[in-house]
Amino acid sequence: MDLHLYGGPKSRAFRVIWMLEELGLDYQHSLAAPRSDEVMALNGSGKIPVLVVDGTAISDSTAILTFLADRTGQLTFPAGSLDRARQDGWTQLINDEFDSVLWTASRHSFALPEEYRLPEVKDSLKWEFSQSAARLSDTFEGPFLMGEAMTIADILLTHCLGWAVVAKFPDAGPKLTAYRDRMRKRPAYIRALGSAM
Ligand SMILES: N[C@@H](CCC(=O)N[C@@H](CS)C(=O)NCC(=O)O)C(=O)O
């Protein structure tokens, strides 16, 4: 498989870098900025990450992780299994309850045109994040979201938990913080961080 990733590690492209490192796949990497000419040519929305696979561009970090997991049969349960349905439930929940509030806060901090930013919305988003983190902590047993097997849902959650720290969101609580710190010790995560240098 010929793989070329577009997007720097201080974006959701980090999730894909980490996944590629977990899988031990070779890939080319361009630290392309959102809406740069090279990204616009691949993805009309201008968003990163984009992964070009054998000449075909795939957008959206979750779609890319899902493709890589399905193609390699790693970090996922098989499509059509009940475990996969539960795994997908986690993936959607993380996007609904963590990624979306963090992204809305980012938009109102720097991404939207200044006249459309409403910084006061961030208190409400932080409260939502705390509620979601507390609910997840109540049921989380570990070591991974799906129990003994790490899946792409763990890449998404760990990334969001780190993003929350950078965005100065409330503490996610001891259980999720310990999980995040444990995930960040994975050799592939550390290699992914190194790819930023
Ligand atoms: N749901 C998409 C979101 C992609 C996204 O919004 N990426 C940001 C960088 S992390 C971006 O390119 N923003 C530029 C923009 O919204 O114009 C994903 O998970 O890949």
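Colleague: Which residues of E1 point one way, which point the other way, and are they buried or exposed?
Modeller: Bearing in mind that this is a predicted model, Leu3 and Leu5 point to one side of E1, while His4 and Tyr6 point to the other, and all of them are buried.

Colleague: What makes E1 and E3 a pair, and in which sense do they run?
Modeller: Two strands pair if there are at least two bridges between them, and strand E1 (residues 3–6) is joined to strand E3 (residues 50–53) by four bridges, the two strands running antiparallel. Within this pair Leu3 stands opposite Val53, and Tyr6 stands opposite Val50.

Colleague: How do you know that E1 and E2 pair as well?
Modeller: The same cut-off of at least two bridges applies, and three bridges join E1 to E2, which run parallel.

Colleague: Why are E2 and E4 said to stand at the edges?
Modeller: The open sheet has four strands in the order E2-E1-E3-E4, and its pairing is mixed. Strand E2 (28–30) and strand E4 (56–59) each have a single partner strand, so one side of each is left without a neighbour in the sheet. From one strand to the next, the twist averages 20 degrees.

Colleague: Which helices pack on this sheet?
Modeller: H1 does, touching E1 and E2, with its direction at about 150 degrees to that of E1. Helix H3 (residues 61–72) also packs on the sheet, where it touches E3 and E4, and its direction makes about 120 degrees with that of E4.

Colleague: Why do you say that the buried residues of H7 line one face of the helix?
Modeller: In helix H7 (residues 174–183) the buried residues are Leu176, Thr177, Tyr179, Arg180 and Met183. Seen down the axis of H7, they fall within an arc of 160 degrees, so they line one face of the helix. Their packing partners are helix H1 (13–23), helix H5 (121–139), helix H6 (152–166) and helix H8 (187–194).

Colleague: What puts the buried residues of H8 on the same side?
Modeller: Those residues are Ala188, Tyr189 and Ala192. Around the axis they cover an arc of only 100 degrees, which puts them on the same side of H8. The buried residues of H8 pack against H1 and H7.

Colleague: Which members of the largest nonpolar core touch the most other members?
Modeller: Of its 47 residues, these are Trp18, Met19, Leu68, Ile94, Phe129, Leu145 and Phe169. H6 gives the most to this core, with nine residues, and the core draws at least three residues from each of domain 1 (3–75) and domain 2 (82–186).

Colleague: What is Met19 in contact with, leaving aside its neighbours within four places in sequence?
Modeller: Contact requires heavy atoms within 4.5 Å, and with those neighbours set aside Met19 is in contact with Leu65, Leu68, Ala69, Gln74, Leu75, Ile152 and Ile155.

Colleague: How many residues of each domain are in contact with the other?
Modeller: Contacts link 15 residues of domain 1 with 18 residues of domain 2, and the C-alpha centres of the two domains lie 20 Å apart.

Colleague: Why does Glu114 count as exposed?
Modeller: Exposed means over 50% relative accessible area, and Glu114 is at 64%, so it counts as exposed. Glu114 has its place in the loop between helix H4 (82–111) and H5.

Colleague: Why does Asp60 count as partly exposed?
Modeller: The range for that label runs between the buried limit of 20% and the exposed limit of 50%, and Asp60, at 44% relative accessibility, therefore counts as partly exposed. Asp60 lies in the loop between E4 and H3, and has a positive phi of about 80 degrees although it is not a glycine.

Colleague: What is omega for the peptide bond that joins Ile48 and Pro49?
Modeller: Omega is about 5 degrees, and this peptide bond is cis. Pro49 lies in the loop between helix H2 (37–40) and E3. The bond from Gly142 to Pro143 is also cis, with omega near 0 degrees, and Pro143 is found in the loop between H5 and H6.

Notes
Residues are numbered from 1 along each chain as its sequence is written. This is a predicted model: local features need pLDDT of at least 70, side-chain atom pairs count only at pLDDT 80 or more; totals for chains, interfaces and linings use all residues. Side-chain values use heavy atoms; hydrogens and water are left out. Buried means under 20% relative accessible area, exposed over 50%, partly exposed in between (1.4 Å probe, protein chains only). The arc is that of the directions from the helix axis to the C-beta atoms. A nonpolar core is a set of buried Ala, Val, Leu, Ile, Met, Phe, Trp, Tyr and Cys residues joined through side-chain atoms within 4.5 Å. Domain bounds come from an automatic or database domain assignment. Axes are lines fitted to C-alpha atoms, for helices over the stretch in contact, and angles run from 0 to 180 degrees between N-to-C directions.
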